[in-house]
Amino acid sequence: RYFLTGAGRFDASSVFGEDERWQFFPKVSGSWLISEEGFWQNSGLRDAISSFKFRASLGTSGGQTAIGAFDRFNLFNPSSINGRSALLPSTQRGALDVKPERQTELELGFDASFLSDRVALEFTWYDQQTEDLLLFRTTAPSTGYLSQLGNFGSLDNTGIEILLKAVPINNSNMQWTSTVTFAANENEINGIEGGIITIPESFGQVAAINGEPLGVFYSDAF
């Protein structure tokens with residue numbers, strides 16, 4: 001009737017700062033098969049709802065492959081000046097102490113079946129918090145660079161997922177199974193220094209703005 005699972009994972013990647021390469025991500029999940037309890041078995045609930053399970057989980061994860069192998073450095077590109085080989089600095093400014101994004105997600109839900117398991121319903125609600133977003137922001141031309149990589153802001157994703165499955169016909173001649181799903185998600189970004197970061201290479205039309213979804217269309221023409 002009761003299930004509990006826990007796990008922990010260490011990840012390492014040399015693409016991040018020396019003090020940020022090793023990350024630990026724990027998680028825990030559990031479920032309660034309520035329909036197996038005595039009070040459920042001895043009541044009319046058993047006839048209406050064949051099974052009912054409540055579940056919950058909490059865990060963390062990270063984006064270990066969100067950037068290139070050498071993005072944290074100020075890179076140089078091969079070029080030619082007056083017919084001789086040369087190196088020119090990249091337009092992207094690195095960040096030696098950059099660290100991976102870190103996601104923490106809480107998930108609650110239930111699974112239920114009805115009419116001797118001919119109808120099943122799954123419902124899930126989740127809230128995912130992502131800290132230390134890896135973004136490229138536009139820099140002032142006086143720096144000598146056009147953009148800079150860094151950990152800027154946080155992102156909150158909240159949503160629900162619903163799955164309804166039914167078996168209207170199930171006999172030796174024919175089986176008919178139907179599945180309907182529904183999902184909805186809202187995200188909001190916060191913690192951006194200055195309130196806004198224009199996404200490079202978007203012609204100034206896409207930005208990360210505090211209180212808005214990530215990647216909204218933006219214009220400062222007026």
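Predicted model: local features only at pLDDT ≥ 70, side-chain atom pairs only at ≥ 80, totals over all residues.
Local features were taken into account at pLDDT of at least 70 and side-chain atom pairs at pLDDT 80 or more, whereas totals for chains, interfaces and linings use all residues. Residues are numbered from 1 along each chain as its sequence is written, and side-chain values rest on heavy atoms, with hydrogens and water left out.

The interior was examined through nonpolar cores, defined as sets of buried Ala, Val, Leu, Ile, Met, Phe, Trp, Tyr and Cys residues joined through side-chain atoms within 4.5 Å. Burial follows relative accessible area: buried is under 20%, exposed is over 50%, and partly exposed lies in between (1.4 Å probe, protein chains only). Eight residues make up the largest nonpolar core, namely Leu133, Leu135, Phe152, Leu155, Ile189, Ile192, Ile197 and Ala208. Contacts were assigned where heavy atoms lie within 4.5 Å. When neighbours within four places in sequence are left aside, Ala208 is in contact with Leu135, Ile189, Ile192, Gly195, Ile196, Ile197, Ile199 and Leu214.

Two or more residues of the patch come from each of β1 (2–12), β2 (22–33), β3 (49–62) and β7 (102–114). These elements are DSSP runs numbered from the N terminus, with helices (H or I) of at least four residues and strands (E) of at least two. Phe54 is placed in strand β3 and counts as partly exposed because its relative accessibility is 37%.

Side chains of opposite charge can pair when their charged atoms come close. Six salt bridges were found in the whole structure, each requiring a side-chain nitrogen of Lys or Arg within 4 Å of a carboxyl oxygen of Asp or Glu. In one of them, the side chains of Glu37 and Arg1 meet at 3.3 Å, N to O. This pair links distant parts of the chain, 36 residues apart, with Glu37 in the loop between β2 and α1 (38–41) and Arg1 in the segment before β1. Glu37 is buried at 10% relative accessibility, while Arg1 is partly exposed at 45%.

Strands β3 and β7 are also connected. Lys53 and Asp111 meet in a salt bridge of 3.9 Å, N to O; Lys53 lies in strand β3 and Asp111 in strand β7, so the pair ties together parts 58 residues apart in sequence. Glu107 forms a salt bridge with Arg55, with the closest N and O atoms 3.8 Å apart. Here, Glu107 in strand β7 and Arg55 in strand β3 are 52 residues apart. Glu107 is partly exposed at 27% relative accessibility, whereas Arg55 is buried at 17%. Through shared partners, salt bridges join Lys53, Arg55, Glu107 and Asp111 into one network.

Gly94 occupies the loop between β6 (92–93) and β7 and is buried, with a relative accessible area of 11%. Beyond its neighbours within four places in sequence, Gly94 is in contact with Asp71, Arg72, Phe73, Asn74, Gln148 and Leu149.
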